[in-house]
Amino acid sequence: MSENEDQNLSRGLKSRHVQLIAIGGTIGTGLFLGAGQSIHLAGPSILLAYAITGVICFWLMRALGELLLSDLHSTSFVDFVAKYLGKQVGFVTGWTYWVCWVTIAMAEITAAGLYMHFWFPSLPQWIPGFVILLVLLAMNLITVELFGETEFWFSIIKITAILVLIITGIVLVLIHYKTSVGHASLTNLVAFGGIFPKGLKGFVLSFQMVVFAFVGVEMVGMTAAETQDPNNVIPEAINDIPMRIGLFYVGALFFLMAIFPWKYVSPTSSPFVQVFQNVGITGAAAIINFVVLTAAASACNSALFTTGRMLFSLSYNRKSKLAKKLGKLSRTQVPANAILMSALVIALAVILNIFMPGQVFTFVSSVATTCFLFIWGSIVLTHLKYRQQLSKTSQKPEKFRMPWYPYSDYLVLAFLIFVGFVLVLKLDTLIALIGSVLWFVVLNLIYLVQMKKNSGTK
């Protein structure tokens with residue numbers, strides 16, 4: 001592509017693509033694999049944790065939606081952060097978001113290796129993730145439509161599986177189906193220590209993995225610049241969030257624990273696969289394992305899309321040779337160089353899985369959770385600043401107003417601070433939190449050095 005050719009991203013994502021990306025983006029490894037850890041920590045009270053986090057994410061997305069629709073020329077929410085909170089905060093937010101999605105992809109290809117052990121127990125954990133990364137990279141380099149279509153069908157598989165699980169749960173409970181540890185019954189939700197069997201501490205500790213299950217919900221904001229009808233598609237996708245959360249998270253886990261008592265759920269493997277194995281439906285367990293494998297591939301696909309666009313945005317119009325290459329689009333208006341660079345960094349997880357396969361998922365998910373607290377906090381603070389500036393001119397937002405403003409913004413910020421406190425309570429998440437803080441310090445120093453260098457060359 002020549003320097004004079006169009007450097008705008010293609011608006012190739014259709015309404016059905018964005019709708020299914022929004023739905024599928026909230027159904028991933030955090031639910032299919034991470035729910036095992038959450039259930040082990042909190043028991044049935046995990047349902048309340050998911051419901052609370054779901055409400056917070058809905059308010060977060062309404063704040064983001066209002067920002068996006070206020071200026072459809074912006075390529076991502078980071079443009080708004082830089083505009084209202086300053087270029088330095090925008091710089092830190094942009095690179096942190098890139099790292100967030102890199103760590104998510106690392107977690108997902110790690111999970112893919114764990115899922116493949118269901119069929120191939122002796123297969124090295126790093127091989128499946130490496131193969132999936134190569135296939136998805138090839139598809140992302142072609143056109144944005146191919147990404148949208150791939151994500152559409154991944155989401156269809158996940159949604160179908162969740163609905164089948166819920167229907168199966170209803171049937172098994174109604175017939176009081178006998179399992180290896182008792183009978184399927186709603187009483188299983190309270191028969192082993194009540195709703196809070198691990199007390200308040202277990203409930204509180206579960207929020208780290210619960211929040212990780214929701215990371216990526218803001219990805220709809222990254223599709224705005226490549227959506228055919230953002231004014232109608234974005235609000236519709238965001239407003240469907242409460243229904244999706246209630247059905248796919250709370251509904252699925254409710255019937256999962258009704259079939260199979262929470263205390264028998266292993267924290268190290270998918271509870272969905274465990275349930276079907278233990279009710280004697282071996283074929284169904286294999287199918288569910290295939291579904292959770294596609295969920296991991298779906299999240300990795302989303303990560304390649306997001307990291308490529310973010311790296312392109314961060315490099316666009318920069319003067320260095322590397323930035324010029326990363327800030328260019330291919331002939332099909334895809335940031336191919338930025339996607340390739342992101343994929344190379346994601347591939348580091350392959351190396352981690354060779355040397356420390358047992359610890360990768362928890363560590364990486366903790367880093368991602370910590371970074372997303374900052375990202376989500378930046379979005380809410382940006383929304384508050386945006387509304388404050390409007391109020392100075394006695395204006396009100398024209399489109400998609402945030403409900404219960406400003407109290408909803410403050411509640412989201414309070415929740416994020418609470419989750420940050422939760423990360424301090426466990427050693428592995430505390431290490432990730434400290435690492436994330438050091439990352440923020442380094443980014444700020446890099447920005448200040450760049451500004452000093454630029455001012456010195458003028």
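Over which residues does pLDDT stay under 50? In this predicted model, pLDDT (the predictor's confidence in each residue, from 0 to 100) stays under 50 over residues 1-6, and for that stretch the model has 10 contacts beyond four places in sequence, a contact being heavy atoms within 4.5 Å. Across the protein the average pLDDT is 80, and 85% of the residues score at least 70. Among the elements, helix α1 (residues 15-24) has the lowest confidence, with a mean of 65, while helix α19 (residues 407-424) has the highest, at 93.

Residues are numbered from 1 along each chain as its sequence is written, and side-chain values use heavy atoms, with hydrogens and water left out. Because the model is predicted, local features need pLDDT of at least 70 and side-chain atom pairs count only at pLDDT 80 or more, whereas totals for chains, interfaces and linings use all residues.

**Overall organisation**

The protein contains 20 helices and two strands, these being DSSP runs numbered from the N terminus (helices H or I, at least four residues; strands E, at least two). Of its 458 residues, 57% are buried, where buried means under 20% relative accessible area, exposed over 50%, and partly exposed in between (1.4 Å probe, protein chains only). Among contacts with a separation of 6 or more, 83% join residues 24 or more positions apart.

Phe 203, in helix α9 (residues 199-205), contacts Leu 41, Ala 42, Ser 45, Leu 48, Ala 49, Ile 52 and Phe 196, leaving aside neighbours within four places in sequence. The C-alpha atoms of Phe 203 and Ala 49 are separated by 7.3 Å, although these residues are 154 residues apart along the chain.

A search of the whole structure finds one salt bridge, defined as a side-chain nitrogen of Lys or Arg within 4 Å of a carboxyl oxygen of Asp or Glu. The side chains of Glu 66 and Arg 387 form this pair, at 3.2 Å from N to O. Since Glu 66 belongs to helix α4 (residues 46-70) and Arg 387 to helix α18, the pair ties together parts that are 321 residues apart in sequence. Helix α18 (residues 360-392) also holds Ser 378, which touches Val 81, Leu 85 and Thr 93, not counting residues up to four places away in sequence.

| Residue | Relative accessible area | Class |
|---|---|---|
| Glu 66 | 1% | buried |
| Ser 378 | 3% | buried |
| Phe 203 | 9% | buried |
| Arg 387 | 14% | buried |
| Ile 175 | 54% | exposed |

**Surface**

The protein exposes about 18,700 Å², of which carbon and sulfur atoms supply 67%; accessible areas come from the Shrake-Rupley method with a 1.4 Å probe, and for residues only the protein chains shown count as cover. A nonpolar patch of about 730 Å² is made by Leu 163, Ile 167, Ile 170, Val 171, Leu 174, Ile 175, Met 243 and Leu 247. Patches consist of residues with over 30% relative accessible area and no salt bridge, with like charges joined within 9 Å and nonpolar side chains (Val, Leu, Ile, Met, Phe, Trp, Tyr) within 5 Å. Helix α8 supplies the largest share of the nonpolar patch, five residues, while Ile 175 is found in the loop between α8 and β1 (178-179).
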